[in-house]
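Take the chain and its model together.

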Amino acid sequence: MANEPTITITGNLTHDPELRFTTSGLPVASFTIASTPRFRDGATGEWKDGDTWFVRCSAWRDLGQNVAESLGRGSAVVATGRLRPRTYEATPGDPTTKRTVVELTVDDIGPSLRRATAKAIKTTRERPNEGTSFGTSAPAANDPWMTGAPAPASAPAGNSGGFSDDPPF
């Protein structure tokens, strides 16, 4: 969506991410980032901690799985995402207990390299065949790029694969 507020937050995870799956099978990781701003006190010259604020976060699909596998309680992170309001009833069935919270739908997250080191490992996920041949060992029957096309009637002699040096346009 256009004009959604986006933010980048740095902080520490308060607990291990919790990975769940929707009824349709989509993975989502839920976690909280605690962020404590630091400032220099002009009178004393010392660094002081400000008020800690806690941001509830969710990461969907592969990102959610990667978060659950890679990060844990206390991990220093940098997260970017979109702020979203969510309304719920504190007491189910009682509309007078309606509450609204703002949560971060994470678009990208990683360890903060200011206080840690990390080794990135590219992941690959197995996916069911959704009309493409990606991630499968056999070419899809309906994928013309993975199989030899039949030779056109006007194919030159000796060209059994149906390919020629002539441009297709």
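The residues lining the second largest pocket divide into two nonpolar, six polar and four charged. In this count Ala, Val, Leu, Ile, Met, Phe, Trp, Tyr, Cys and Pro are nonpolar, Asp, Glu, Lys and Arg are charged, and the others, Gly among them, are polar. The pocket holds about 310 Å³ of space. Strand 1 and strand 3 are the elements that give two or more residues to its lining. Strand 1 gives the most, with three residues. The lining consists of Thr10, Gly11, Asn12, Ala34, Ser35, Thr36, Arg38, Asp49, Val78, Ser112, Arg114 and Arg115.

Some ground rules apply. This is a predicted model, in which local features need pLDDT of at least 70, side-chain atom pairs count only at pLDDT 80 or more, and totals for chains, interfaces and linings use all residues. Residues are numbered from 1 along each chain as its sequence is written, and side-chain values use heavy atoms, with hydrogens and water left out. A pocket is found on a 1 Å grid over the protein atoms alone: it is an open set of points where a 1.4 Å probe fits, with protein on both sides within 12 Å along at least five of seven lines, whereas a cavity is a set from which the probe cannot get out, and lining residues have an atom within 4 Å of a point. Grid points are joined across faces, edges and corners, and a volume is the space filled by probe spheres set on the points.

Now the largest pocket. Its volume is about 540 Å³. Of the 20 residues that line it, Asn66, Ser70, Pro111, Ala120 and Ile121 are the closest to its centre. Helix 1 and strand 8 (98–111) each supply at least two residues of this lining. Ten lining residues are nonpolar, five are polar and five are charged.

Step back to the whole chain. Helices (H or I, at least four residues) and strands (E, at least two) are DSSP runs, numbered from the N terminus. The order from the N terminus is β-β-β-β-β-β-α-β-β. Of the 169 residues, 24% are buried. Buried means under 20% relative accessible area, exposed over 50%, and partly exposed in between, with a 1.4 Å probe and protein chains only. The accessible surface comes to about 12700 Å², and carbon and sulfur atoms hold 53% of it. These areas come from the Shrake-Rupley method with a 1.4 Å probe; for residues, only the protein chains shown count as cover. Among contacts with a separation of 6 or more, 55% join residues 24 or more positions apart. Contact means heavy atoms within 4.5 Å.

Which strand is largely enclosed by the rest of the structure? Strand 3 (residues 27–35) is, because eight of its nine residues are buried. Follow its pairings next. Two strands pair if DSSP finds at least two bridges between them. Strand 1 (residues 6–13) pairs with strand 3 in the antiparallel sense over two bridges. There, asparagine 12 stands opposite alanine 34.

Strand 2 (residues 18–21) runs antiparallel to strand 3 and is joined to it by four bridges. Leucine 19 has alanine 29 as its bridge partner. Five residues lie between the two strands of this hairpin, and glycine 25 takes a positive phi near 95°.

Strand 6 (residues 53–60) also runs antiparallel to strand 3, with eight bridges between them. Valine 28 stands opposite tryptophan 60, and serine 30 has serine 58 as its bridge partner. Serine 58 counts as buried because its relative accessible area is 13%. Beyond its neighbours within four places in sequence, serine 58 is in contact with Val28, Ala29, Leu104, Thr105 and Val106.

Strand 6 pairs with strand 8 too, this time in the parallel sense over two bridges. Cysteine 57 has leucine 104 of strand 8 as its bridge partner. In a regular strand, side chains alternate between the two faces of the sheet.

End at helix 1 (residues 61–70), where arginine 61 is placed. Arginine 61 is not a glycine, yet it has a positive phi of about 55°. Is this residue buried or partly exposed? Arginine 61 counts as partly exposed, because its relative accessibility is 48%.
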